[in-house]
Amino acid sequence: MVSLPDISQFISIYGLFFILGIGTIGNLLNLITLSMKDFRKNASIFYLLSATITNQVFISFGVIARYFTESNGSNLINTNIYMCKLRNYLLIFMPLVGITCGFLASFDRCVSTSPNNRWRQLSSIDLAQRICAASILFLIISSSFCLFAYGIPNGTCTPYPGIWSIITNIYTSVLIFCIPIAGNSICGILTWYHLKKSRSRVQPRVSNNETLSGSRRMNRDLLILTFVQACLFTVTYALRWFTFDYAIATAFEQKSVLRKQIENLILQISLVFMYTSHSIPFYLNYLLCNGFRKTFQICLQNSANKCLRIFRFNKS
């Protein structure tokens, strides 16, 4: 009979490596598609490109580091305090960058569709690069508390009890859960309102219906690309936040063996969902966004034509 630890181990190894495989392919294709000329001049796409790069770095480091520190009998994460501190620092910092870039993309969609010209001026590539750099610098510094908060107080890599445990809970709750959910919800509602209002505002001034239709399609595509990723992060990180904070809050309670096994299995499942959110944006974009799908197909056709020309040249 299969035991709960066996199921947890299977999910931890094979499930995460499967996600790493599909995530690597998806993030690479996402990077190529979003870099096409139809998208790359938009500030929202810059944020999504930054999130895509961060997603790939995060799942690669997270899955490989987890395998070498926890699998095949290795207990390095619970015996080496420096590895414990460094891994938890990176595993909090890196997904925060992806979540923040997703939120900034939502914010950019909101201001770029605003009827107020001052707000629209906030949507530019140059400003997006500066905001992204400043946000990453802030997260590097603010997440450094993990280097002091984490240790091995009871043989398990976890925040020290007391103030450090409270700080970890508050930090992850605010930056991973509360701000992204509130921010993406507000930006989504305002963007929808701006687009709806712009129909009546722009229509009388535009004589070229094809230009108007193209602009609306681009706005719709960017809205889908932006908020699909934002909603994905919100749902998966909500599950991870609840399970992670519960694990920290009850880390020093006396628990039965069965309870520990059940809690560990739930943690592994929430971990799989978290890594999945960083692995499947390309597939959701392809399914839900017509403009993204057409751009990817054009990219694929151009690549096939180039390969065909190279083959014919070498053959001749």
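Start with helix α1 (residues 4–34) and helix α9 (residues 257–277): in this predicted model, their axes come within 9 Å and cross at roughly 10 degrees. An angle under 35 degrees counts as roughly parallel, so that is how α1 runs relative to α9. On the α1 side, the contact is made by L4, P5, I7, S8, I11, S12, L16 and I19. Helix α9 answers with L258, Q261, I262, N264, L265, Q268, I269, L271, V272, Y275 and T276.

Y275 turns up again if you look at the largest nonpolar core, which has 53 residues. Along with L34, I45, Y150 and L225, Y275 is among the residues that touch the most other members of that core. As for helices, α3 (residues 81–112) gives the most to this core, putting in 11 residues. Now pick out I45: leaving aside residues up to four places away in sequence, I45 touches L34, F39, R40, L222 and L225.

Next, have a look at helix α5, residues 125–142. Its 18 residues reach 25 Å from the first C-alpha to the last, close to the 26 Å expected at 1.5 Å a residue. Which residues of α5 are buried? They are L127, A128, C132, S135, L139 and S142.

Technical notes:
Residues are numbered from 1 along each chain as its sequence is written. This is a predicted model: local features need pLDDT of at least 70, side-chain atom pairs count only at pLDDT 80 or more; totals for chains, interfaces and linings use all residues. Side-chain values use heavy atoms; hydrogens and water are left out. A nonpolar core is a set of buried Ala, Val, Leu, Ile, Met, Phe, Trp, Tyr and Cys residues joined through side-chain atoms within 4.5 Å. Buried means under 20% relative accessible area, exposed over 50%, partly exposed in between (1.4 Å probe, protein chains only). Helices (H or I, at least four residues) and strands (E, at least two) are DSSP runs, numbered from the N terminus. Contact means heavy atoms within 4.5 Å. The expected span of a helix is 1.5 Å times one less than its number of residues. Axes are lines fitted to C-alpha atoms, for helices over the stretch in contact, and angles run from 0 to 180 degrees between N-to-C directions. Angles under 35 degrees count as roughly parallel, over 145 as roughly antiparallel, 65 to 115 as roughly perpendicular and the rest as oblique.
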